[in-house]
Amino acid sequence: MSTEQEPTTPQDELSQALHAEQPEVDDHAAALDELQDRWRRALADLDNLRKRHAKELDAVRNEERARTAAAWLPVVDNLDLALTHAGSDPSAVVEGVKAVRDQAVDVLRRLGYPRYEETGVPFDPAVHEVVGTVDDPDAEPNTVVQVVRPGYGEGRRQLRPAAVMVSKRQE
């Protein structure tokens, strides 16, 4: 038996070192494959969630649209009824139209958009739109003295501001 070792080259040493680390490299590769698989599954889940949410949102929109349209049906029915009686007593038709308008205002209130048309209140640009000014000695400056067109809604939920005439500063 010879006790002499064969001379090794640097290339042989590198090859032996790589083979010694092979199980560790295989573990890293397996971990990387698992992470990539989990990442792809997460992306697929996210895409499925996005699609499901879009369908649910569309369904909710359709339900709300139908609920709102159903709330307006009695108003339309009463307008049709008023038109069928247009040839009769004119004062009854006017009263009927006023009743239908009140019904329409109530529908808007129930939908979360109450009507406001107060006079004598300070001008507030968040809820009022000035369409003109008037010289009114009895009113404080920047006070709403006339509502030209009522506003609907409150706070951040406004359909439109009230169009108002405001008293101007007297000089």
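Reader: Where is Thr143 found?

Author: Thr143 is in the loop between β2 (128-134) and β3 (144-149). Helices (H or I, at least four residues) and strands (E, at least two) are DSSP runs, numbered from the N terminus. This is a predicted model, in which local features need pLDDT of at least 70 and side-chain atom pairs count only at pLDDT 80 or more, while totals for chains, interfaces and linings use all residues. Residues are numbered from 1 along each chain as its sequence is written, and side-chain values use heavy atoms, with hydrogens and water left out.

Reader: Why is Thr143 called buried?

Author: Buried means under 20% relative accessible area, exposed over 50%, and partly exposed in between (1.4 Å probe, protein chains only). Thr143 has a relative accessible area of 10%, so Thr143 is buried.

Reader: Which residues is Thr143 in contact with, leaving aside its neighbours within four places in sequence?

Author: Contact means heavy atoms within 4.5 Å. With those neighbours left aside, Thr143 is in contact with Gly120, Val121, Pro122, Phe123, Met165, Val166 and Ser167.

Reader: What makes the phi of Asn142 worth a remark?

Author: Asn142 also lies in the loop between β2 and β3. Its phi is near 60 degrees, a positive value in a residue other than glycine. Most residues other than glycine have a negative phi. At 39% relative accessibility, Asn142 counts as partly exposed.

Reader: How many helices and strands does the chain have?

Author: There are 2 helices and 6 strands. Along the sequence they follow the pattern α-α-β-β-β-β-β-β.

Reader: Which strands form the open sheet, and in what order?

Author: The open sheet has 3 strands, in the order β1-β4-β5, and the pairing is antiparallel. β1 (115-116) and β5 (157-160) stand at the edges with a single partner strand each, so one side of each has no neighbour in the sheet.

Reader: How do you know that β1 and β4 pair?

Author: Two strands pair if DSSP finds at least two bridges between them. β1 and β4 (residues 151-154) have 2 bridges, in the antiparallel sense. Tyr116 stands opposite Gly151 in β4.

Reader: What makes Asp47 and Arg50 a salt bridge?

Author: The term asks for a side-chain nitrogen of Lys or Arg within 4 Å of a carboxyl oxygen of Asp or Glu. The side chains of Asp47 and Arg50 meet at 2.7 Å, N to O. These two are 3 residues apart in helix α1 (residues 10-84), so about one helical turn separates them. Asp47 has a relative accessible area of 29%, so Asp47 is partly exposed.

Reader: How many salt bridges does a search of the whole structure find?

Author: The search finds 9 salt bridges. One of them joins Asp102 and Arg101, with the closest N and O atoms 3.1 Å apart. Asp102 is partly exposed at 43% relative accessibility, and Arg101 is partly exposed at 44%.

Reader: How far apart are the closest N and O atoms of Asp106 and Arg109?

Author: They are 2.5 Å apart, and the pair forms a salt bridge. Asp106 and Arg109 are 3 residues apart in helix α2 (residues 90-110), so about one helical turn lies between them. Asp106 counts as partly exposed at 29% relative accessibility, as does Arg109 at 45%. Salt bridges that share partners also join Asp47, Arg50 and Lys51 into one network.

Reader: Why is Arg157 said to lie over the face of Tyr113?

Author: A charge sits over a ring if NZ of Lys or CZ of Arg is within 6 Å of the ring centre and within 35 degrees of the ring normal. Arg157 lies over the face of Tyr113, at 4.9 Å from the ring centre.

Reader: Why is Ala82 called buried?

Author: Ala82 has a relative accessible area of 14%, so Ala82 is buried. Its place is in helix α1. Ala82 and Val97 are 15 residues apart in sequence and 6.8 Å apart in space, C-alpha to C-alpha.

Reader: What share of the chain do buried residues make up?

Author: Buried residues make up 16% of the 171 residues in the chain.
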